[in-house]
Amino acid sequence: MGLNEKPLSTLHEKSSYDLGDFDVPTGREEAWRFTPLTRLKGLHNGKAEAAGHVRLDVDAAPEVTVETVGRDDARVGKSFTPTDRVSAQAWNSFEKATVITVPREAVASKPTVLTLTGEGDGAAYGHLVVKVEPLAEAVVVLDHKGSAVYADNIEFVVGEGANLKVVSLQDWDDDAVHVSHHHAQLAKDATFRSFVVTLGGDLVRLSPSVAYTAPGGDADLSGVYFVDAGQHLEHRLLVDHSQPHCKSNVDYRGALQGDRAHAVWIGDVIIRVEAEGTDTYELNRNLILTDGARADSVPNLEILTGEVAGAGHASASGRLDDEHIFYLQARGIPHDEARRLVVRGFLGQLIEKIHVEELRERVMSAVEAELAR
Amino acid sequence: MSTLEIRDLHVAVEDKEILRGVNLTVNSGQTHAIMGPNGSGKSTLAYAIAGHPKYTVTGGRVLLDGVDLLELSVDERARAGLFLAMQYPVEVPGVSVSNFLRSAVTAVRGEAPKLREFAKDLKNGMDALSIDPAFAQRNLNEGFSGGEKKRHEILQMELLNPKIAVLDETDSGLDVDALRVVSEGINRFRATGDTGVLLITHYTRILRYVKPDFVHVFAGGRIVEAGGPELADKLEAEGYEQYTKASA
Ligand SMILES: Nc1ncnc2c1ncn2[C@@H]1O[C@H](COP(=O)(O)OP(=O)(O)OP(=O)(O)O)[C@@H](O)[C@H]1O
Ligand SMILES: [Mg+2]
């Protein structure tokens with residue numbers, strides 16, 4: 001490394017809009033080694049023809065505009081460049097994009113709910129832009145359900161001093177395949193809160209990323225997942241601190257039960273040379289409830305500057321603690337209820353942070369239902 | 001009137017025999033103290049009665065009012081009227097004290113207590129043990145000091161109102177004030193009448209507050225001597241040496 005050269009991050013350096021720039025993954029690549037490619041139904045190798053349909057219904061706050069636009073719309077694709085093959089495939093394959101705009105200084109009076117319903121048979125590709133103009137505030141809910149083979153890119157463009165809270169529920173039917181990239185771009189003093197809940201689907205691979213364009217950005221990324229037998233639920237986070245004095249906090253927690261239940265969590269945080277005063281923490285915890293379930297958890301914290309305000313990470317995957325269960329049972333609480341109390345407690349601490357009350361209740365009861373299986 | 005009968009109880013941990021024939025009968029209205037050196041198997045006795053999965057009963061019986069506790073699951077034993085105050089209560093993250101207690105009371109009583117009544121009982125119980133009401137919202141035992149954990153064990157005992165309570169070193173690690181508060185809790189529980197107490201301790205200190213009817217010396221995995229309260233004073237003066245030699 002020469003004197004005038006900045007050290008470069010080794011993470012996620014490749015980006016392009018051109019599908020040809022990405023080789024078809026073989027499974028040996030670092031970015032693909034955990035994902036069962038054969039279950040992607042061709043999303044990764046160009047064989048998933050866009051013959052399917054994911055219906056979009058929008059229930060928007062009155063302050064918010066919703067538009068369906070063509071690929072050439074000036075607001076589309078401005079905040080990100082695809083960094084992997086499926087993201088590039090989705091970028092090259094969608095026909096119409098949805099653009100949600102929260103006008104300058106507007107404060108949305110209710111959540112804007114986008115319900116995406118997979119209607120089976122064939123792949124579909126999507127693109128969504130949520131643009132929150134300076135000083136505006138909004139809550140956006142993405143509710144994925146039904147049966148689909150779906151790849152999409154979502155841009156969350158959060159303007160100066162703006163505040164965007166997003167809840168994304170992956171509540172798909174058992175056979176769904178979903179590969180999604182959430183790209184958040186934070187302007188000066190922008191606040192971004194993301195809460196991801198992944199429960200349903202055969203394979204879900206969700207990659208939330210955060211980029212900062214100016215100092216003062218504050219991102220909080222939380223996630224809860226419940227993995228059942230045979231499911232592969234993968235979350236790959238990337239927070240790229242390229243600006244000074246920005247904050248990020250990542251907290252993902254999952255419970256796994258059943259044979260071949262597989263959770264993957266990758267947490268990449270880069271603190272670049274110019275990002276002095278960065279404050280970041282990332283955490284992943286997995287609770288393995290039965291034999292045959294597996295959790296892979298890989299935090300990567302890459303610090304290229306000496307001037308951080310705080311940087312840390314932690315990852316822990318473990319069994320339900322027999323001593324906890326014994327203690328509760330010794331007070332008369334039956335085994336199944338004791339188990340429920342502990343798991344509910346483990347996930348509930350995080351679920352309480354969901355920004356929309358009805359969703360909190362829905363997610364909590366979904367977790368209860370999973371536990372009752 | 002309730003009776004806990006322990007008959008020739010043998011217990012192993014990981015194939016190592018720890019209890020070698022324990023015999024003891026505790027009737028309601030009685031308080032039995034068990035004293036004995038470290039590692040003699042006192043906690044093993046307590047855990048085995050409660051049904052901790054690490055302890056394997058290799059022989060003997062434990063009956064509560066004629067019901068064989070060893071046939072029951074851990075929670076069934078608790079619902080049958082057995083309570084164990086643990087030497088080292090575990091921390092359970094994410095489960096609040098009030099939520100836990102409500103679940104436990106519901107399970108033991110067989111029906112959910114009325115919310116207002118429960119809130120009142122809880123508040124009174126906490127007041128009596130000088131526990132700050134804010135603890136109700138905290139996670140169970142998480143970050144509690146040693147003394148705070150022990151007070152919560154007694155709070156649980158008073159709320160669950162068992163037939164027989166086994167208290168494993170509830171007095172250890174308590175300062176003088178806490179010892180008094182905890183002892184008062186045990187005495188309130190004893191005063192309700194139809195309850196028996198098996199109190200495991202190293203010190204006669206607590207026995208000055210909680211007067212035992214019987215004192216048993218525990219060594220080498222069994223009871224080696226039994227007597228009245230005066231035996232405790234003798235143990236304090238002379239130690240366990242004569243018993244550990246004999247049982248070795
Ligand atoms: N879970 C366990 N695994 C292995 N050994 C154990 C276990 N529990 C108890 N033992 C062993 O059994 C013996 C009795 O232990 P126990 O805890 O019952 O003693 P105790 O009389 O309660 O001692 P103390 O006064 O120190 O509390 C000890 O030798 C201990 O090491
Ligand atoms: Mg002990």
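**Ground rules**

I number residues from 1 along each chain as its sequence is written, and I letter chains from A and number ligands from 1 in the order in which they are written. Since the model is predicted, I kept to local features with pLDDT of at least 70 and to side-chain atom pairs at pLDDT 80 or more, while totals for chains, interfaces and linings use all residues, and side-chain values use heavy atoms, with hydrogens and water left out.

**Chain A as a whole**

I looked up the secondary structure of chain A and found four helices and 16 strands, where helices (H or I, at least four residues) and strands (E, at least two) are DSSP runs numbered from the N terminus. The radius of gyration of chain A is 20 Å, which agrees with the value near 21 Å that a compact globule of 373 residues would have; this radius is taken over C-alpha atoms, and the globule rule is 2.2 Å times the number of residues to the power 0.38. Along the principal axes, the C-alpha atoms of chain A fill a box of roughly 60 × 50 × 45 Å. Of its 373 residues, 59% count as buried (buried is under 20% relative accessible area, exposed is over 50% and partly exposed is in between, with a 1.4 Å probe and protein chains only). I also noted that residues 24 or more positions apart account for 86% of the contacts in chain A with a separation of 6 or more, a contact being heavy atoms within 4.5 Å.

I next looked at F226(A), which is found in strand β10 (residues 218-227) of chain A. Is F226(A) buried or exposed? F226(A) counts as buried because its relative accessibility is 0%. Leaving out residues up to four places away in sequence, F226(A) touches several residues, including T198(A), L199(A), A255(A), V343(A) and L371(A). Its C-alpha atom is separated by 29 Å from that of F80(A), which lies 146 residues apart along the chain.

I then turned to D251(A), whose place is in strand β12 (residues 247-256) of chain A. D251(A) has 10% relative accessibility and therefore counts as buried. With residues up to four places away again not counted, D251(A) touches L221(A), S222(A), G223(A), L283(A) and L350(A).

**Chain B as a whole**

For chain B I recorded nine helices and twelve strands. The radius of gyration of chain B is 18 Å, close to the 18 Å that the globule rule gives for 248 residues, so chain B is as compact as a globular protein of that length. The C-alpha trace of chain B spans about 55 × 40 × 35 Å along its principal axes, and 55% of the 248 residues count as buried.

**The magnesium ion**

Which residues coordinate the magnesium ion (ligand 2)? I found S43(B) through OG and Q87(B) through OE1, at 2.0 to 2.2 Å; donors are N, O and S atoms within 2.8 Å of the metal (3.2 Å for Na, K and Ca), and water is not among the atoms, so sites may look incomplete. S43(B) lies in helix α1 (residues 42-50) of chain B and Q87(B) in the loop between β6 (82-85) and β7 (92-96), so the pair ties together parts that are 44 residues apart in sequence. Both S43(B) and Q87(B) are buried.
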